[in-house]
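Subject: Structure handover

Hello,

Here is the structure I promised to pass on. Please open it first, then read the notes below.

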Amino acid sequence: MDNRYIDKVIGEMKPFLDEQGFKFTDNKFESDEKIIAVNFDDARQMYTLSIAQKSEEDEPIFSEISAWLFDDSQNEKDAASVGIDFVSTLRKELNIKIKRTANTSAVELPTASKSDSMNITGFTKKMLDVFPVLKEEYKGHVSVYGNFLYLNFFGEHLVPLVKNLFETGTKKQVGKFYDVLKDAYVRGDKDTVNVIVAVLCASAYNNETVNCGIKEMLAENKHFLTSFENFLPVLSKNNKLMNALVKR
């Protein structure tokens, strides 16, 4: 694997880091206090994001704070997703909140189609209705990125809420969530159904409590349950979905 897409990764990160006062020199971003490095690890086939405290006296000691699997099956668009995910990681690491600009108020929430089928937009609306806290997150996401990167959004915001629902929610809350999912699973187009299953699997990944809760929820819907059980072991082999939906 060559490193031909690293400029795309860095290009996605640069506007954010420029805004935070970082300067790009010698393939690293530097501020008065921090140094941020993006590299490609050939042995692991991963883009890595590392950060170090700046020191005038000692060599910086870098700590890896994120890594994204990236193999020959992936392309320039996937590299852009790496940069977007790294920016999200850095926001948390540097404790920088998304700025709610005037543009946020101009962002329209997704609406459902009048047709019998459901697409990603319709499913997103349903999730925003079930989890109202997502409405402002949706507006912030679109105002920052200029469009709706649904996998990144679901991984960053929806999956944690689903996990929390099965860890702390009541049967009534789970039942309400299932009613929406059941309808979307029946009426959804291919992409929508795939995303529904992927979100559930990402929520259950390495979490036995959530895994058992989802299986219990789907117990009476054998087709839905089978889709979930069949895809769960496949998720870890899908680099794109793992990196977008599973935040480790």
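In these notes, a contact, or touch, means heavy atoms within 4.5 Å. This is a predicted model, where local features need pLDDT of at least 70, side-chain atom pairs count only at pLDDT 80 or more, and totals for chains, interfaces and linings use all residues. Residues are numbered from 1 along each chain as its sequence is written, and side-chain values use heavy atoms, with hydrogens and water left out.

**M127**

Start with M127. This residue sits in helix α4 (residues 120-130). Helices here are DSSP runs (H or I, at least four residues; strands are E, at least two), numbered from the N terminus. M127 has 1% relative accessibility, so it counts as buried. The cut-offs are under 20% relative accessible area for buried, over 50% for exposed, and partly exposed in between (1.4 Å probe, protein chains only). Leaving out residues up to four places away in sequence, M127 touches L134, L158, F177, V180 and L181. S88 is 39 residues from M127 along the chain, and their C-alpha atoms are 21 Å apart.

**N152**

N152 belongs to helix α6. Its relative accessibility is 11%, so N152 is buried. With residues up to four places away in sequence not counted, N152 touches S81, I84 and A244.

**Aromatic rings**

Rings of Phe, Tyr and Trp (its six-membered ring) pair if their centres lie within 6.5 Å; planes under 30 degrees apart are stacked, over 60 edge-to-face, and the rest tilted. That rule gives 14 aromatic pairs. One of them is Y138 with F153, edge-to-face, at 6.0 Å centre to centre and 85° between the planes. The pair links distant parts of the chain: Y138 lies in helix α5 (residues 134-145) and F153 in helix α6 (residues 150-168), 15 residues apart. Both Y138 and F153 are buried. One aromatic cluster is formed by F123, Y138, F148, Y150, F153 and F154.

**Helices α9 and α10**

How do α9 and α10 run relative to each other? The axes of α9 (residues 208-218) and α10 (residues 222-235) come within 8 Å and cross at roughly 155°. Axes are lines fitted to C-alpha atoms, for helices over the stretch in contact, and angles run from 0 to 180 degrees between N-to-C directions. The two helices, α9 and α10, are therefore roughly antiparallel. That term covers angles over 145 degrees; under 35 is roughly parallel, 65 to 115 roughly perpendicular, and the rest oblique. From α9, the contact involves N211, I214, K215 and L218; from α10, K222, F224, L225, F228, E229 and L232.

Best wishes
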